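Subject: Structure handover

Hello,

Here is the structure you will be working with. Please open it, then read my notes below.

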Amino acid sequence: MYMDSRDEVVIVHSSDLHLGTDDSFSDRDRLANLPKVLGAATEVKADIVLLAGDSFDNHRQPIDLLERAAQILRDYNKPVVILPGNHDPLTPDSVYRRGGLGEVSNVSILGLNADKAVVFPEFELEIWGHPHFDYTDMSPLANPRPRTTRWQLAAAHGHYVDEARDPNRMIGSWLIHREELLATGADYVALGHWNQCTPVGNGEVNAHYSGSPEYTGTVNVIRFKKDGTVEVGKPCLQLLNQMPQTILTSIYWHLPDTDVLTLVLLPLTVISSSRQKQTRFIGIDHRILRPLPF
Ligand SMILES: [Mn+2]
């Protein structure tokens, strides 16, 4: 019988946590995004958490940070599926091969302690994806896996392009094409690599980027319903431990443009143009915002 008495299977999809980013200008915990995402998953009673790539920013992480990440995942104690991305590929020195991350019993790392797919018989669900093994180009969504379960979820870390293929045009690496989304036939395609949260494709397949929780303040929550339908929601992490930089972003976009705000926020816009500089932006915001009348 399908799903016994359960009405739905709930997946939390996130990506691009970039744990371990060098925050030299801040005393922020380098693992802060991990408990936030897992906390959101607990809040929505997720059955499975899927991290679609770039969970870690780079492999130059101290062993104690990796051990702490492994402990956070172990303490979470529910299934987590990790797809290695272009920032955290399965190279010989990969973060996933150190600190015990590959030996956490509730964590499946595609390409490491799981093969090409993870099957959850209790949910009649299969999650498949092609991990990044190194820094070279690959096709994140090529060779779709035939469906073997009631529900199927495909995960991919790369750059979606909507245009038809043009062999004469070079447009970057790790490309995902529209026809590849369709060819999966999956109930949901969980994408990573972009910081923004957005659906892609023409709607024939449920394909979404979750975006980086640091920037979006959200995770994607996918509900595979008993009646066969799929719902995709984006509860805000604001309700679940809001991050101050997200508040500032909201203020920036929603307040009317005044001379004062332009003066204050224009430099912030400029220096937030790269990830590393974004850290300074986060560090500055409280001091600058405090004198303003909000
Ligand atoms: Mn990436």
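Start with strand β6, which pairs in the parallel sense with strand β7 (residues 151-157) over five bridges. Strands here are DSSP runs of type E with at least two residues, helices are runs of H or I with at least four residues, and both are numbered from the N terminus. Two strands count as paired if DSSP finds at least two bridges between them.

First, two notes on the source. This is a predicted model: local features need pLDDT of at least 70, side-chain atom pairs count only at pLDDT 80 or more, and totals for chains, interfaces and linings use all residues. Residues are numbered from 1 along each chain as its sequence is written.

**The chain overall**

The protein chain has seven helices and 14 strands. Of its 294 residues, 41% count as buried. Buried means that 20 or more other C-beta atoms lie within 10 Å of the residue's own; exposed means 12 or fewer, partly exposed is in between, and C-beta atoms are placed from the backbone. Take contacts between residues at least 6 apart in sequence: 67% of them join residues at least 24 apart. A contact means that the two C-beta atoms, placed from the backbone, lie within 7 Å.

**Around β6**

Back to β6. Five of the five residues of this strand (residues 125-129) are buried, so β6 is largely enclosed by the rest of the structure.

Strand β5 (residues 117-120) runs antiparallel to β6, and four bridges join them. V119 has E126 as its bridge partner in β6. The β5 and β6 hairpin has four residues between the strands, and E124 takes a positive phi near 50°. E126 also has a bridge partner in β7, namely Q152.

Strand β10 (residues 188-192) is mostly covered, with five of its five residues buried. Y188, A190 and G192 lie on one side, V189 and L191 on the other. β10 then pairs in the parallel sense with strand β12 (residues 207-209) over three bridges. V189 stands opposite A207 there.

**The open sheet**

An open sheet of six strands has the order β4-β3-β2-β1-β13-β14, with mixed pairing. Its edge strands are β4 (107-109) and β14 (230-233), each pairing on one side only. Within the sheet, β2 and strand β3 (residues 80-82) are parallel, with three bridges. V49 has V80 as its bridge partner in β3.

Which residues of helix α1 (residues 33-43) are buried? They are N33, L34, K36, V37, L38, A40 and A41. Their cover includes β1 (8-14), β2 (48-51), α2 (63-76) and α4 (213-216). Just after α1, K45 takes a positive phi of about 55°.

The largest nonpolar core has 62 residues. Such a core is a set of buried Ala, Val, Leu, Ile, Met, Phe, Trp, Tyr and Cys residues joined through C-beta atoms within 7 Å. I11, V49, L50, L153, A155 and V189 have the most contacts inside it. Leaving aside neighbours within four places in sequence, A155 is in contact with L50, A52, L83, I127, G129 and A190.

Best wishes
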